[in-house]
Amino acid sequence: RARRCRRPLSAPLTPPASPRRPQAVSVRKHLDKFRQDKDAKFRLILIESRIHRLARYYKEVKAVAPNFKYEAATASTLVS
C-alpha cells in the first residue's frame, strides 16, 4: 500500500530523488558533441523511458502534481 504525500499539490514538483535525471543530462550533453554516437542515443532512450515510468508512478501515488511532465530542456537546469 502506497503512503500518501501530505504536502499540498499547488505547484509541479520534481520526482523525489530521481538518480536518472543527472544521467540523462550528461548523456544528452555528450550527444551534443558526438551526434553520431548510436549507443548513447539508445541509452538516452532507455534512461528517459525510466524517468517517464517513474513520473507516472509518482503521479499515481500523488508525490508530484498531476500535471508534472519531464522535459529534457528543463532537466539540465534542475540538475545544475
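Ten residues make up the largest nonpolar core of this predicted model: Ala-24, Val-25, Val-27, Leu-31, Ala-40, Leu-44, Ile-47, Ile-51, Tyr-70 and Ala-75. Helices α1 and α2 (38-60) each supply at least two residues of this core. A second, separate core has six residues, among them Tyr-58, Val-61, Val-64 and Phe-68. As background, nonpolar side chains in soluble globular proteins tend to be buried together.

**Around the core**
- Which residues does Ala-40 touch, once its neighbours within four places in sequence are set aside? Ala-40 is in contact with Val-27, His-30 and Leu-31.
- Ala-40, Val-27 and Leu-31 also belong to the ten-residue core.

**The chain as a whole**
- Of its 80 residues, 26% count as buried.
- Looking at contacts between residues at least 6 apart in sequence, 62% join residues at least 24 apart.
- The chain has an accessible surface of about 6300 Å², and carbon and sulfur atoms account for 53% of this surface.

**A look at Lys-29**
- You will find Lys-29 in helix α1, which covers residues 20-33.
- Is Lys-29 buried or exposed? Lys-29 counts as exposed because its relative accessibility is 58%, and the cut-off for exposed is over 50%.
- Lys-29 and Ser-76 are 47 residues apart along the chain, while 9.2 Å separates their C-alpha atoms.

Note on methods: Residues are numbered from 1 along each chain as its sequence is written. This is a predicted model: local features need pLDDT of at least 70, side-chain atom pairs count only at pLDDT 80 or more; totals for chains, interfaces and linings use all residues. Side-chain values use heavy atoms; hydrogens and water are left out. Helices (H or I, at least four residues) and strands (E, at least two) are DSSP runs, numbered from the N terminus. Buried means under 20% relative accessible area, exposed over 50%, partly exposed in between (1.4 Å probe, protein chains only). Contact means heavy atoms within 4.5 Å. Accessible areas come from the Shrake-Rupley method with a 1.4 Å probe; for residues, only the protein chains shown count as cover. A nonpolar core is a set of buried Ala, Val, Leu, Ile, Met, Phe, Trp, Tyr and Cys residues joined through side-chain atoms within 4.5 Å.
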